[in-house]
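Welcome! Take a moment to look over the structure below, and then we will walk through a few of its parts together.

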Amino acid sequence: MLLTGFTKEIFRSKCMPHAQSLHCYAHLNEDIGKVIPYLNSSLGGSSFSMDPPSVTFKIQGKLISVHANKIAINALRNEEETDKILNWLKNEINTAWQNRENIEPMFKSAPQPTLIEILKLLPKTNCKACHEPTCMVFATKVMEGLKDGDDCPDIDPENKTKLSKYLSCFHFEI
Ligand code: SF4
């Protein structure tokens, strides 16, 4: 096992002390720099750096940055969600390390879903039934993993299936 554990530090943003969302640093027990290219390959990071090693994922509207000695996560709802994400990540890190001989390490950012491809599959009527002001705003939220085809009541069923298939190449469940 590469990563045995971490110490959690949960705080509110200093710039926005009244904001409801939490931020978290997990200070890691071990240096995990060497697994980062393998983790990037298995999960598809939206940005990657080799020196110093770090990878960032955009998941369900959160930015999760994994560094050699620290994990940083923003926009957390509560401590329960923090624990769920950290435990999931610990498992992903250890699995990627254990399977590294079968994983091609990736040293660049992975492709991300594009606004245009998502927008193409939406009705583009700006009807607001999804509680967003326009289909464009909705598409942005889909891109960030905050919404999906189920949230647009007017989407054509065939396009909903296509959207779900398209997003499955980028997003994953925690
Ligand atoms: S419900 Fe669908 S069609 Fe209506 S604004 Fe939202 S995304 Fe566009």
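## Two domains

Between the C-alpha centres of domain 1 and domain 2 there is a distance of 27 Å. Keep in mind that this is a predicted model. According to the domain assignment, domain 1 covers residues 6-102 of the protein chain, while domain 2 covers 115-168.

## Helix α1 and its surroundings

Let us turn to helix α1, which spans residues 36-43. The buried residues are Ile36, Pro37, Tyr38, Leu39, Asn40 and Leu43.

What do these buried residues pack against? Their partners are the strands β3 (47-50), β4 (53-59) and β5 (62-67), together with helix α2. Just past the end of α1 you will find glycine 44, whose phi is positive, at about 75°.

## Where α1 meets α2

Helix α2 runs over residues 79-98. Its axis and that of α1 come within 9 Å and cross at roughly 110°. An angle from 65 to 115 degrees counts as roughly perpendicular, so α1 is roughly perpendicular to α2.

On the α1 side, the contact is made by Tyr38, Leu39, Ser42 and Leu43. Helix α2 contributes Trp88, Glu92, Ile93, Ala96 and Trp97. Sorted by class, the residues in this contact of α1 with α2 are seven nonpolar, one polar and one charged.

Notes. Residues are numbered from 1 along each chain as its sequence is written. This is a predicted model: local features need pLDDT of at least 70, side-chain atom pairs count only at pLDDT 80 or more; totals for chains, interfaces and linings use all residues. Side-chain values use heavy atoms; hydrogens and water are left out. Axes are lines fitted to C-alpha atoms, for helices over the stretch in contact, and angles run from 0 to 180 degrees between N-to-C directions. Helices (H or I, at least four residues) and strands (E, at least two) are DSSP runs, numbered from the N terminus. Angles under 35 degrees count as roughly parallel, over 145 as roughly antiparallel, 65 to 115 as roughly perpendicular and the rest as oblique. Contact means heavy atoms within 4.5 Å. Ala, Val, Leu, Ile, Met, Phe, Trp, Tyr, Cys and Pro count as nonpolar, Asp, Glu, Lys and Arg as charged, and the others, Gly among them, as polar. Buried means under 20% relative accessible area, exposed over 50%, partly exposed in between (1.4 Å probe, protein chains only). Domain bounds come from an automatic or database domain assignment.
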